[in-house]
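Please read it alongside the sequence and the structure shown here.

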Amino acid sequence: MTSDRIVRSVLRLRSVRVVSVVTSEVAREAARRHGAVGAVAAAMARAATAGLLLATLTKDEERVTLQVLGDGPLGALTVDATAGGRVRVFVKRPGLAAPALAGAHVPLGRIIGRNGILSVVRDLGLKESVSGQTALIDGEIDTDVEGYLVGSEQIESAIGCEALLAQDLDIGVSGGVLLQTLPGSDDVPWIAAVRARLRSGLLAQILAAPEPPTAEHLARAVVGDDAADLHTLDVRPVTFFCPCTRDRAAATLRLLGAQELSSMITDDGGATVTCEFCRQDYRFAAADLEVLAR
């Protein structure tokens, strides 16, 4: 059973929402599937954390697609996350070599870039999705998402996402926390104080403890003296999940049309479709393509 969890809580006296998550296992799985290590693995981990935090802000089942597109060498970084705790990650250049130290905060602005766009698409299961985008602030993902929430969704927020690397530069531990004022709250200065602590490296200190922290521990450590007022609403497991199937891969091939499929049969003797998120290969023999071309 996975030890990754996402916890939704509230500070009742302050009227502040607190969402905390541990993503160590799903981050390692995402990095493994893409062959990513070091700074790229840290970027994938922090993006997955941010996506999961964003996907749990409503009462309903929600799916969030978060994309970070900067002018750095990493290229596009995309996350799909659901309110149920499912997440998958795609990165344009997973094999990018970038220096990173084990057990320490990994700066991401140099590989993501400090100029670019952060976009968020929220699918609430309705006929239309809700989308928005803002300019990147510094390419560190959590500050960029925070800027989106404050600027685009007009919600006073503080968010921190952190991932520390093991000695082999795989993900050692990963997690994050999001705090938001609820309607009627006058604790904007308190949120600002929490934001300052998060920017000063608080999450890295918590995650570096000898015992891996739980999501509940993350929330208590971040709210500090207010921990006694923290009321848990629900706890959900977090898992790496990709909805790709062979049938979906076949549908993608069918869209190419009979002429293109016939060329694949003649030139290649078949085709392979690889899911960009989970790297699963779906092999189609010539006979399979003949069926799809009809």
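In this predicted model, H9 passes H10 in a left-handed crossing. H10 also takes part in a crossing with H8, which is right-handed, and another right-handed crossing is that of H1 past H2. The points below take these helix pairs in turn and then go on to the aromatic rings.

**Helices H9 and H10**

- The axes of H9, which spans residues 258-268, and H10, which spans residues 286-293, come within 9 Å and cross at roughly 165 degrees.
- Angles over 145 degrees count as roughly antiparallel, and H9 and H10 are therefore roughly antiparallel to each other.
- On the H9 side the contact involves Ala258, Leu261, Met264 and Ile265, and these meet Ala286, Leu289, Glu290, Leu292 and Ala293 of H10.
- By class, the residues joining H9 to H10 are 8 nonpolar and 1 charged, with no polar residue among them.

**Helices H8 and H10**

- H8, made up of residues 246-254, has an axis that comes within 10 Å of the axis of H10, and the two cross at roughly 65 degrees.
- From H8, Arg246, Ala250, Leu253 and Arg254 meet Asp288, Leu289 and Leu292 of H10.
- This contact of H8 with H10 has 4 nonpolar and 3 charged residues, and no polar ones.
- Leu289 and Leu292 of H10 meet residues of H8, and Leu289 and Leu292 also belong to the H10 residues that meet H9.

**Helices H1 and H2**

- The axes of H1 (residues 24-34) and H2 (residues 38-54) come within 9 Å and cross at roughly 130 degrees.
- H1 and H2 are therefore oblique to each other.
- Ala27, Ala30, Ala31 and His34 of H1 make the contact together with Ala41, Met44 and Ala45 of H2.
- The contact of H1 with H2 divides into 6 nonpolar residues and 1 polar residue, with no charged residue.

**Aromatic rings and charges**

- The structure holds 1 aromatic pair.
- Arg86 places its charged end over the ring of Phe241, at 4.0 Å from the ring centre.
- Arg246 likewise has its charged end over a ring, that of Phe284, at 4.1 Å from the centre.
- Arg246 is also one of the H8 residues that meet H10.

Key. Residues numbered from 1 in each chain as written. Predicted model: local features only at pLDDT ≥ 70, side-chain atom pairs only at ≥ 80, totals over all residues. Heavy atoms only, no water. Phe/Tyr/Trp six-rings, centres within 6.5 Å; stacked < 30°, edge-to-face > 60°. Lys NZ or Arg CZ within 6 Å of the ring centre and 35° of its normal. Axes fitted to C-alpha atoms, helices over the stretch in contact; angles between N-to-C directions. Helix = DSSP H or I, 4+ residues; strand = E, 2+ residues; numbered from the N terminus. Parallel < 35°, antiparallel > 145°, perpendicular 65-115°, else oblique. Left-handed = near helix turned anticlockwise from the far one by under 90°. Contact = heavy atoms within 4.5 Å. Nonpolar A, V, L, I, M, F, W, Y, C, P; charged D, E, K, R; others polar.
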